[in-house]
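Trainee: Please show me the model, and then we can go through some of its local features.

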Amino acid sequence: MSSHSTAAHYQAVFGRYFETPANLPPGTPFLWAYADRHSYGAGETVCVHVNTTANRFRATLVRDGFVPVTVWQKGNIEGAAYETPDQCSAEGCGWLVCFSFTIEAGWPSGGYKLMLWSEENSRLTAETILIVRPTPGQGRGRLLFVPPTCTWMAYNDWGGSNFYEGISGPERNQFSPVVSADRPFCRGFASLPPDAPRVALDHVPGLLAPPRYPHMEWAWRTGHSKKYASSGWASYDRHFFHWMERQGYAVDIIAQTDLHYRPDIIDSYSCLVFAGHDEYWSWQMRDAVDAYVEAGGHVARYAGNFMWQIRLEDEGRRQICYKYRARNEDPVYGTGNARFATTSWEAAEIGRPGALTFGLNATRGMYTGWGGAVARGARGFPIYRPEHWAFAGTGYGYGDVLGAASHAFGYEVDGLDYVIKGGLPYPSGEEQVPEGLSILALGLACNVEEGDAVKAGDVFLNSEDAVFIAEILYGETGPEAVDRAKRGSGMIVNFPKGKGEVFHAGSCEWVAGLIRGDAGVEAVTRNVFNRYLA
């Protein structure tokens with residue numbers, strides 16, 4: 001590796017680069033926009049905030065389904081430029097409303113892409129995503145897809161800060177525990193070229209090859225956000241939505257925040273669908289899903305990293321999560337409301353382990369198939385119970401690996417503590433899980449990067465996650481606890497709950513199997529949907 005490529009690699013992986021007007025050279029034209037809400041119903045008004053040097057621009061709204069449909073257009077919109085607060089990631093941009101339009105009754109529910117073009121320079125563009133909700137009460141026989149809009153907010157680094165890195169704090173080097181939706185999505189969240197790398201590696205690295213992170217190196221070269229592959233409509237939810245429509249399923253969409261503020265909307269649906277990287281949830285969202293399943297609803301979750309409790313304010317425009325710093329900084333401690341602390345669901349003070357809703361949790365799972373984290377692992381789910389109805393007609397047997405060719409087991413996965421008896425995995429009993437839970441498939445994960453080629457300081461994942469998980473699970477951070485905490489798993493589980501049922505394939509990258517046409521992944525997905533829609 002040349003010295004130039006080494007420098008570029010380090011800047012791509014460890015450098016701080018993000019979109020904001022302050023980072024542009026003087027005189028550089030710009031165009032950015034955001035909508036005033038996460039989702040809209042028929043008859044509601046979409047207010048669009050725009051900051052641009054363009055004198056005039058045009059706007060187009062497209063339902064971004066398997067067959068895209070343009071539903072609204074407007075040209076000759078007058079632009080204006082505004083100052084943007086330094087801490088806009090937490091405070092919001094505060095730009096004025098530039099134009100608005102009304103959601104018409106005939107527009108079907110879905111993910112909609114709003115695209116803006118400068119009238120003077122067609123290469124100057126902006127994009128944002130909004131969700132059109134379905135008409136309430138018409139869900140029987142339909143899938144209701146819930147993109148993880150709270151995880152979109154958590155990873156969006158437009159303006160400089162998110163829940164991972166930031167320009168917050170006295171030295172401007174901390175993540176912000178508060179993020180605002182009143183800012184644009186960073187580049188790569190709304191759309192991506194088909195050659196954009198995923199986090200999970202598309203190749204098996206050599207045994208002594210040092211960890212590389214192709215998605216971050218690509219982002220650095222092309223001017224995209226470092227986090228484009230971690231979250232967003234373009235990397236995950238769009239692909240899952242297109243696959244469901246292509247297969248002929250009737251699909252509606254709501255924002256994740258609708259579970260919090262409009263929980264009744266889910267009651268008439270036969271099946272709720274979650275996919276991709278779905279990491280951040282509020283207490284009220286879990287209440288909505290738990291009540292739905294107890295009453296007879298079905299959940300099909302093809303997602304990973306169910307980890308953090310959040311709090312929402314201002315109709316979800318403001319999202320709070322102190323994460324690793326919660327026990328020292330979250331103001332709910334000492335108020336009698338510690339159960340709402342914005343830390344891991346497995347924290348004792350919350351008293352509501354994640355597995356009680358979806359059967360799995362992130363603290364027992366975590367990373368696989370990228371960097372130096374299980375870089376040469378199974379890449380798919382090793383199957384232990386092939387007789388289960390989810391595998392019917394697939395031809396899979398005991399020990400076969402589901403999704404290996406498409407790398408459907410990857411990035412971040414969810415698991416449980418388990419024991420093997422007679423060649424079959426069972427929950428160990430060290431944590432609360434739903435009664436009747438069955439582990440159908442099981443692969444390995446970890447939350448550190450290890451191996452002979454891994455050198456301290458050269459890897460993206462160090463020991464921070466293992467230390468945090470050791471504290472949460474075992475109440476200590478000594479070497480033995482950290483060593484115990486660093487190993488995890490990713491699973492497929494199924495369990496009944498009340499009158500309903502949950503199927504959870506705990507991997508962010510299940511959608512990669514659908515993107516790449518993996519016959520086994522597609523067959524299992526159809527088996528679950530068809531059972532839950534019957």
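Mentor: Glycine 443 is buried, with a relative accessible area of 3%; buried means under 20% relative accessible area, exposed over 50% and partly exposed in between, for a 1.4 Å probe and protein chains only. This is a predicted model, in which local features need pLDDT of at least 70 and side-chain atom pairs count only at pLDDT 80 or more, while totals for chains, interfaces and linings use all residues. Residues are numbered from 1 along each chain as its sequence is written, and side-chain values use heavy atoms, with hydrogens and water left out.

Trainee: Which residues is glycine 443 in contact with, leaving aside its neighbours within four places in sequence?

Mentor: Glycine 443 is found in strand 23 (residues 438-446); helices (H or I, at least four residues) and strands (E, at least two) are DSSP runs, numbered from the N terminus. Its C-alpha atom is separated by 6.4 Å from that of methionine 491, 48 residues apart along the chain. Contact means heavy atoms within 4.5 Å. With the neighbours within four places set aside, the contacts of glycine 443 are Pro382, Phe409, Gly488, Ser489 and Gly490.

Trainee: Which residue stands opposite glutamate 313?

Mentor: Two strands pair if DSSP finds at least two bridges between them. Strand 15 pairs in the parallel sense with strand 13 (residues 280-282) over three bridges, and three bridges join strand 15 to strand 16 (residues 318-320) in an antiparallel run. On the strand 16 side, the residue opposite glutamate 313 is arginine 318.

Trainee: What is the angle at which the axes of helix 5 and helix 13 cross?

Mentor: Axes are lines fitted to C-alpha atoms, for helices over the stretch in contact, and angles run from 0 to 180 degrees between N-to-C directions. The axes of helix 5 (residues 233-246) and helix 13 (residues 519-533) come within 12 Å, and they cross at roughly 70°.

Trainee: How many disulfides are there?

Mentor: A disulfide is a pair of cysteine sulfur atoms within 2.5 Å. By this rule the count is zero. Cysteine 186, for one, is in no disulfide, and the nearest cysteine sulfur, 12 Å away, is that of cysteine 88. The number of disulfides is zero.
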